[in-house]
Amino acid sequence: MSALFQPFRLRDTTIPNRIWMSPMCQYSAAPEGPSAGVPGDWHFAHYGARAAGGTGLIVVEATGVSPEGRISPQDLGLWNDTQVEAFRRLTGFLRSQGTVPGIQLAHAGRKASTAQPWKGGTPVGPDAHGWQPLAPSALAFAERHLVPTELTVAQIQEIVGRFADAARRALAAGFEIAEIHGAHGYLIHEFLSPHSNHRTDAYGGSYENRTRFALEVVDAVREVWPDDKPLFFRVSATDWLEEGGWTPDDTVRFARDLQGHGIDLLDVSTGGNAPRVRIPTGPGYQVPFAARVKAETTLPAAAVGLITDVEQAEKILANGEADAVLLGRELLRNPFWAQHAARELGATVRVPDQYGWAV
């Protein structure tokens, strides 16, 4: 059997194949009012198409655990029950197509309160539904970004609780897998990296202190997330800085810590915490970081980043470099990538009855 189409079991959840959809923000929710953070028709059509296309797991985009945790005012959220009800419609449809519904729980930290990318992605103020960002240290992400407010210990603990509350709502909304967003320069990553964390208290300085917040979030979520359901963590394996940043060595060490705290799979990405860094992009350029986690720990790992070709994806899994591949932009281009891959590899994947004429 093709490696891409082997089922993958974590705890009591079986994902039908190893073709997974990476969380990609759509910036398409209402920015305020009763519909703020609520998934709408765009989200239903967007995720529904990829489920109908045979994707085994869909990880819904970064979803704010609080209003100020959103990247943009148009981000999805899970801080109230109105959002839960809307998500139920989406998760129900994904399951009806044989797709496992997952969600990424996130707090944007100092990179919060920005415009939609197609409107420049620059910081926005109260006149455009913006707010004051929060971070481990009062260090702006880039020149045009706001200087964030440094979090107090009490505020840190409040955010830990927000992650747990969002996980409870994700469960009520019908999600079967939750992922904690610890990558791409958002709040948890900001704590992890000495580039963005200049604190001198129990949440800064040493590796143990810089990982404290992340592990507290994991513990709080794992406490409310059922034992039979998997919990993922997305990490940026490197800041791509020559010095003073988070490193691949840190990631391997952290992977072991995360597994000890109940994480079932590491979703391995890179970068996002420092602007204007030189990243050697190319096909599968982040795969070696997932491969290293696989080689040096016992924690399952998924690879992401410029994985576009069927043969390329199959080889990553067959070579043992990752347990699954997460497709991003390629699934934006082709919602039916999994069905095309199945035809190319001589495998089978679920096709909706309504589309059976085309098989």
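**Cavity and overall fold**

Author: The largest cavity has a volume of about 30 Å³. A cavity here is a set of points on a 1 Å grid over the protein atoms alone where a 1.4 Å probe fits but cannot get out; the volume is the space filled by probe spheres set on the points, which are joined across faces, edges and corners.

Reader: What kind of model is it, and how are residues numbered?

Author: This is a predicted model, where local features need pLDDT of at least 70, side-chain atom pairs count only at pLDDT 80 or more, and totals for chains, interfaces and linings use all residues. Residues are numbered from 1 along each chain as its sequence is written, and side-chain values use heavy atoms, with hydrogens and water left out.

Reader: How many cavities of 30 Å³ or more are there?

Author: The structure has 1.

Reader: Which residues line the largest cavity?

Author: Arg110, Ala112, Ser113, Thr114, Pro123, Pro133, His145 and Leu146, each with an atom within 4 Å of a point.

Reader: Switching topic: how many helices and strands?

Author: The chain has 11 helices and 13 strands, taken as DSSP runs (H or I, at least four residues; E, at least two). The radius of gyration is 19 Å, close to the 21 Å from the globule rule for 359 residues, so the chain is as compact as a globular protein of that length. That radius is over C-alpha atoms, and the rule is 2.2 Å times the number of residues to the power 0.38.

Reader: What does the C-alpha trace span along its principal axes?

Author: About 60 × 45 × 40 Å.

How values were computed. On a 1 Å grid over the protein atoms alone, a cavity is a set of points where a 1.4 Å probe fits but cannot get out, and a pocket is an open set with protein on both sides within 12 Å along at least five of seven lines; lining residues have an atom within 4 Å of a point.
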